[in-house]
Amino acid sequence: MVHVEPAHLVELALRNTPPTDDDAEALRHVERCDRCRDELRMMTRVVTAARSAELVDLSATPPERVWQRITQGLSHESAPTRPPPTPLGRSAKRKLLVALALAVVAGGVVAGGVARHMLKRNV
């Protein structure tokens, strides 16, 4: 059985574009396949959680003195110090959070697929 590619499941979970014929075919497969259905359900939950995150859910930017001490501790006397990173705006934080969540999900899907493949080979 050919399963839906993890990248396609991510696109289905994101629902950023109108459905295509490929999407309809993938969703028909998901209806019959426990594995793909569980993966799509998990990705959809992650996307929903990431999209509903608020700024209070994200950690605050450390004060300037923290960046100065980190820079002093890591740099050599001859190395120039770098300014602290600029804080991200609300939209950028949300996009970053969604991207990180999807990366975690995709990594888990790939790792799960490799583990299942290895188990089948050893059985």
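Which pattern does the protein follow when read along the sequence? The pattern is α-α-α-α-α, and the protein accordingly has 5 helices and 0 strands. The model is predicted, with an average pLDDT of 78 for the protein.

**Confidence of the model**

- A pLDDT of at least 70 is reached by 72% of the residues.
- Among the elements of the protein, helix 2 has the highest mean pLDDT, 95.
- Helix 5 has the lowest mean pLDDT among the elements, 64.

**Overall make-up**

- The protein has 123 residues, and 21% of them count as buried.
- Its accessible surface comes to about 9,400 Å², and carbon and sulfur atoms account for 59% of that surface.
- Among contacts between residues at least 6 apart in sequence, 70% link residues that are at least 24 apart.

**The nonpolar core**

- In soluble globular proteins, nonpolar side chains tend to be buried together.
- The largest nonpolar core in this model contains 18 residues.
- Within this core, the residues with the most contacts are Val4, Leu9, Leu14, Val30, Leu40, Met43 and Leu102.
- Two or more residues of the core come from each of helix 1 (6-14), helix 2 (21-32), helix 3 and helix 5 (90-122).
- Val30, one of the residues with the most contacts inside the core, touches Val4, Leu9, Cys36, Arg37 and Leu40 once its neighbours within four places in sequence are left aside.

**Helix 1 and the residue after it**

- Helix 1 has Leu9, Val10, Leu12, Ala13 and Leu14 as its buried residues.
- Of these buried residues, Leu9 and Leu14 are also listed among the residues with the most contacts inside the largest core.
- Arg15 follows helix 1 and has a positive phi, near 50 degrees.

- The structure contains 3 salt bridges.
- Side chains of opposite charge can pair when their charged atoms come close.
- An α-helix has 3.6 residues a turn, so residues three or four places apart point the same way.
- Arg37 and Asp34 form a salt bridge through their side chains, at 2.1 Å from N to O. The two residues are 3 apart in helix 3 (residues 34-51), about one turn of the helix.
- Arg37 counts as partly exposed because its relative accessibility is 25%, which lies between the 20% and 50% cut-offs. Arg37 is also in contact with Val30.
- A salt bridge joins the side chains of Arg35 and Glu39, at 3.5 Å from N to O. Both residues belong to helix 3 and are 4 residues apart, again about one turn.
- The side chains of Arg41 and Asp38 meet in another salt bridge, at 3.3 Å from N to O. These residues are separated by about one helical turn because they are 3 residues apart in helix 3.
- Arg41 is partly exposed, at 43% relative accessibility, and Asp38 is likewise partly exposed, at 43%.

Terms used. Residues are numbered from 1 along each chain as its sequence is written. This is a predicted model: local features need pLDDT of at least 70, side-chain atom pairs count only at pLDDT 80 or more; totals for chains, interfaces and linings use all residues. Side-chain values use heavy atoms; hydrogens and water are left out. A salt bridge is a side-chain nitrogen of Lys or Arg within 4 Å of a carboxyl oxygen of Asp or Glu. Buried means under 20% relative accessible area, exposed over 50%, partly exposed in between (1.4 Å probe, protein chains only). A nonpolar core is a set of buried Ala, Val, Leu, Ile, Met, Phe, Trp, Tyr and Cys residues joined through side-chain atoms within 4.5 Å. Contact means heavy atoms within 4.5 Å. pLDDT is the predictor's confidence in each residue, from 0 to 100. Accessible areas come from the Shrake-Rupley method with a 1.4 Å probe; for residues, only the protein chains shown count as cover.
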